[in-house]
Amino acid sequence: MELQEVEVFIAPDGTTRIEVRGVAGAGCLDLTEDLEKALGGRIVERELTAEAQAVIQQRAAERLRREPGS
């Protein structure tokens, strides 16, 4: 099992940033869901890493290849 890391940064003005490493695709969203709620649940901006975006695109392409008639 690969190491999963969640790092939380809290700025002096109270804004927070969460960075996740070692999680494939959008699994990071599931991993941080409870933490986001505990921090107030207000998401101003969300940016997926290039790694996460690549996994999501790869899985979408695989689904398209498996669908009949595509």
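**Glu 36 and its surroundings**

Me: Setting aside residues up to four places away in sequence, what does Glu 36 touch?
Reply: Glu 36 touches Ile 18, Gly 41, Ile 43 and Arg 46. Keep in mind that this is a predicted model.

Me: Where does Glu 36 lie?
Reply: Glu 36 is in helix α1.

Me: And is Glu 36 buried or exposed?
Reply: Buried, since its relative accessible area is 18% and the cut-off for buried is under 20%.

Me: Which residues of α1 are buried?
Reply: In α1, which covers residues 27-38, they are Cys 28, Thr 32 and Glu 36. Looking down the helix axis, these buried residues fall within an arc of 60 degrees, so they line one face of α1.

Me: Why would spacing like that put residues on one face?
Reply: An α-helix has 3.6 residues a turn, so residues three or four places apart point the same way.

Me: What about the other side of α1, which residues are exposed there?
Reply: Asp 30, Asp 34, Lys 37 and Ala 38 are exposed on that side.

Me: And what covers the buried residues of α1?
Reply: The cover includes strands β1 and β2.

Me: Let's take Thr 32 then. Which residues is it in contact with, leaving aside neighbours within four places in sequence?
Reply: Thr 32 is in contact with Val 6, Ile 18 and Val 20. Thr 32 also lies in helix α1, and at 4% relative accessibility it counts as buried.

Me: How many bridges join β1 to β2, and do they run parallel or antiparallel?
Reply: Six bridges join them, and the strands run antiparallel. β1 takes in residues 5-10 and β2 residues 16-21.

Me: Switching to pockets. What volume does the largest pocket have?
Reply: About 800 Å³. Its lining counts 27 residues, and those nearest the centre are Thr 16, Arg 17, Ile 18, Glu 45 and Arg 46.

Me: Which element gives the most to that lining?
Reply: β2 gives the most to the lining of the largest pocket, with six residues. β2, α1 and α2 each supply at least two residues of that lining.

Me: Now α2. Is Glu 62 buried, exposed or partly exposed?
Reply: Glu 62, which is found in helix α2, counts as partly exposed at 28% relative accessibility.

Me: How many residues apart in sequence are Glu 62 and Glu 45, and what's the distance in space?
Reply: They're 17 residues apart in sequence and 28 Å apart in space, C-alpha to C-alpha.

Me: Last thing, confidence. Where is it lowest and where is it highest?
Reply: Confidence is lowest in α2 (residues 50-66), at a mean of 85, and highest in β1, at 93. The protein chain averages a pLDDT of 86, and 94% of the residues score at least 70.

Notes
Residues are numbered from 1 along each chain as its sequence is written. This is a predicted model: local features need pLDDT of at least 70, side-chain atom pairs count only at pLDDT 80 or more; totals for chains, interfaces and linings use all residues. Side-chain values use heavy atoms; hydrogens and water are left out. Two strands pair if DSSP finds at least two bridges between them. Helices (H or I, at least four residues) and strands (E, at least two) are DSSP runs, numbered from the N terminus. pLDDT is the predictor's confidence in each residue, from 0 to 100. Buried means under 20% relative accessible area, exposed over 50%, partly exposed in between (1.4 Å probe, protein chains only). The arc is that of the directions from the helix axis to the C-beta atoms. Contact means heavy atoms within 4.5 Å. On a 1 Å grid over the protein atoms alone, a cavity is a set of points where a 1.4 Å probe fits but cannot get out, and a pocket is an open set with protein on both sides within 12 Å along at least five of seven lines; lining residues have an atom within 4 Å of a point. Grid points are joined across faces, edges and corners, and a volume is the space filled by probe spheres set on the points.
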